[in-house]
Amino acid sequence: MMRPWKGVALASPLLIILLVIFLTPVLIMLPTSFHEYVPGKGTSDAWTLSNYTRILTDGYYREIVGRTLLMGAIVTALTFVLGYPLALFMARTTPFWRATATLLVIFPLFLNLVVRSFGWITILANRGIVNNFLMDIGLIDSPIRLLFNLTGLVIGLTHIYLPFMVLMLLSAIQNIPRDVEQAAATLAAGRLRIFFTITLPLTAPGILAGSILVFVLTISALVTPRLLGGPTYKVMATLIYDEFMLKLDWPSGTSFAFILTLITLAIIWGAGRIARRWSGGTA
Amino acid sequence: MTRPSVLLTAFAGLVLIFLQLPVIVVAISAFTETSYLTFPPQGFTLRWFGEVLTDPGWLSAIGFSLLLAFMATFASLVVGTAAAYAISRRMIPGSEAIASFLMAPLVFPAVVIGVALLQFYAVVGWRGNFAALIAAHVVLTSPYVVRACLSSLSGVKIDLKEAAGTLGASGFTTFRLVTLPLLKPGMVAGGFFSFITSLDNVPVTIFLLGPGQTTLPVKIFTAIDQGGVDPGLAAISTILILVTGTALAIAERWVGFSRFV
Amino acid sequence: MARLELDRLVKRFADADVVKGVSLAVEEGELVSLLGPSGCGKTTILRMIAGLLEPSGGAVRVAGEDITRTIPARRDIGLVFQSYALFPHMTVFENVAFGLRRRGVKGPDLTRRVDEALGMVQLGHLGDRYPRQMSGGQQQRVALARAVAPRPRLLLFDEPLSNLDAQLRDQMQIELKQMQKQLGITSVFVTHDQTEAMTISDRICILADGRIQQYATPEEIYDRPANGFVARFIGRSNRYQGRVHAPGIVQLEGGARLAVEDVPAPGTAVEIVIRHEDAALLALPADGGNTLSGTIRLRSFIGSRVQYVLDLDGGAEFVAEVAASGPAGRFGPGEKVAVQIDAGRAFVAPIAAEGAAA
């Protein structure tokens, strides 16, 4: 039944598209990142490591990398804290409420990213809903700054990636055999104890997968950080955007793109190793 | 099993409200009579909807986005379904590795794909080329088609095809009458994801547009980035919310597609 | 209707021979079971008859025509799968109509023949349901109707009843046999359940390790097993090592001697197989010879019969099943009894000579 030629014929159109329009362009960036940028003239022919050494030595760039990773960690933690109870509720409630909640979780996922960021600007701006409300009830005298800083980015990105986390956690919770928890209950374990000794550990692979996904998507997000962070409060993705679109410094931009890619791949690879060890250490 | 406690239910409800919050705010503020965005809106008017829907700039951006999304989805369905079929039947060596490669664009930083293609298209002279833009979107949208089709195909067990064969169906008839109908829900769901993803994309598209070209999300993005917010943006966003919500409801009813997420 | 012939059929997979030269004829209208433990090659043989596997050697002939290399679609067969393999996106009617449509049946003729097939399995009223809306038993009936609707030359069954619960399975065995007799279609039925094979078959082909061990009617197989494997496999039995002492006499390892018909030459090491139901229990002192003595350890009442577990005086264990209504049904634990063996129903096989089938 093995007919390799037929399989290759079926798979090759997409494979060729990915090779030409995805893999090749990414690899072509590599040499660019080792060239020097000459203002006004573009990429020079001389080879250099300075694009990479600058990221490590220059405090400004280091801060942006650190900020990006910190933002990723905070957003991941928040989506977990908000998402786990919701996923648990969805797994335990009636089919009707589960379906309803699923649609409510998916709907923002499909809504345009720009529109969602726009919504948060309306809510978080100096004259936005939150500040107006706090000033109306007299809690504060002048607006507190919720945009163009870490707070705004974290709120916006948590909102955007929460659905991914919830869906991952939901499938992990639904995969726990029901009788395991019932067995724990017959052994006179209380609800909280069952949760912390049975449910939570058994969903660890789902938690890991969801966290990796959210972290990776957060650190490479462009639209939301740009709109909620403005042109000055930068993260890696917006920095890459500016290097290419405003400064036209492609060597610097590509080196950042590679650092971001390496971080992403390293995290996915590391998570894969941990997941394999959990699933029994074989292979 | 124990039902969720009151505390858990209340918390889940709050999180669900949090998820809808920006959507509700945008939709409501689009009806304000003021020329600046304010919440709660003052008065009620449909003026901003009228304005964006008669503005040639917005209309051409909408048209361009829809055409791009349609073409990218069509192409993704053709190449993605074929690839998923080959992988699910293990017709090629290394199916697992190939599947991972096909899924890679889902987790690969989109902005990196964007700048990589910017440089590549600049070198080969494809920047502003519509077909090249479609190809770039296929890279982003095909993983959704492949994933949904693989999930559907896992339901087409080998014994169904054997049963069709023993009942007298040829290979092609079996494909037409058994495999294809069972593949349909996956293709519908994958096509839906694909369309939304293409319609939503900024981080790749923005680097590849030529002079005079713009998509709807890029136009909104640029407008906010450069000029800030106004009720016209809220109106166009509300239209997107309505379109997405309707499409989601239809797709859910048609193939129960939330199981493919 | 047709006679099926398998001629020295061989199936070799990368690492092992699964079917090692099986020749077998199924007469027109006959129902034959392929029975054996898992891994004996029975499903592989069925799949080669269906054309879903290509034989490594040998031939499959139906009505004298060689179909060894014919694709399944051209074989004019009906196959009932263990998993039912109903098309989930089609109604019951469309499932049953599938094979008929492929043979060009349409219009009122199609409707009539689908209804007829569904009527045969008592599902005439459920044509517009979908498979997922039906119980396992109903799905099994649809699968059956789908296979027989085109009236194929050959019906093949791949453990079709193994997913049903016991009561439903018994009922379906009877229905299936009735239907097969009524239609008169030559049939091959794969199963690992000997009671099922006994119930439905005209003849049973017992397989082990890719070879035929015995091919005969259920009665013959039960009464005259061809070798040690068949004797052990059919029914439940007590098994002892021993040696032929003299013509017609075997000596068990514990020292006791029994008269047995049909034994090898004196001195041969043998295995003695005695079925649970083939021993009589007598109160002591017992009349008549050919007895072993033992003490009852356990008594279980199983409806019309009683099962005893005894410790024989030599130390071995013996399980006996006797009619609950007779005097032997009333022994209690701890009682000493005589176990009388029918010389004609104990089976003796040389140990060395049957290495392959063991």
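These are my notebook entries on a predicted model with chains A, B and C.

**Entry: confidence in chain A**
I looked up pLDDT for chain A first. The mean is 89, and 97% of the residues of chain A reach 70 or more. I then went through its elements. Helix 3 (residues 59-92) of chain A has the highest mean pLDDT, 95. Strand 2 (residues 42-47) of chain A has the lowest, 78.

**Entry: chain A against chain B**
I looked up the contacts here. On chain A, 71 residues are in contact with 72 residues of chain B. Helix 1 (residues 4-32) of chain A gives the largest share of the chain A side, 18 residues. I sorted that side by class and got 51 nonpolar, 14 polar and 6 charged residues.

**Entry: chain B against chain C**
Here 13 residues of chain B are in contact with 16 residues of chain C. Two elements of chain B give two or more residues to this side: helix 7 (158-166) and helix 8 (171-200). Helix 7 of chain B gives the most, with 6 residues. By class, the chain B side has 7 nonpolar, 4 polar and 2 charged residues.

**Entry: the sheet in chain C**
I found an open sheet of 4 strands in chain C, in the order 2-1-4-5, with antiparallel pairing. Which strands stand at the edges? They are strand 2 (17-26) and strand 5 (65-66) of chain C. Each has a single partner strand, so one side of each is left without a neighbour in the sheet. I then checked strand 1 (residues 4-12) of chain C, which is joined to strand 2 of chain C by 7 bridges. I followed one residue across: C:Arg12 has C:Asp17, in strand 2 of chain C, as its bridge partner.

Notes: Residues are numbered from 1 along each chain as its sequence is written. Chains are lettered from A and ligands numbered from 1 in the order in which they are written. This is a predicted model: local features need pLDDT of at least 70, side-chain atom pairs count only at pLDDT 80 or more; totals for chains, interfaces and linings use all residues. Two strands pair if DSSP finds at least two bridges between them. pLDDT is the predictor's confidence in each residue, from 0 to 100. Two residues are in contact if their C-beta atoms, placed from the backbone, lie within 7 Å. Ala, Val, Leu, Ile, Met, Phe, Trp, Tyr, Cys and Pro count as nonpolar, Asp, Glu, Lys and Arg as charged, and the others, Gly among them, as polar.
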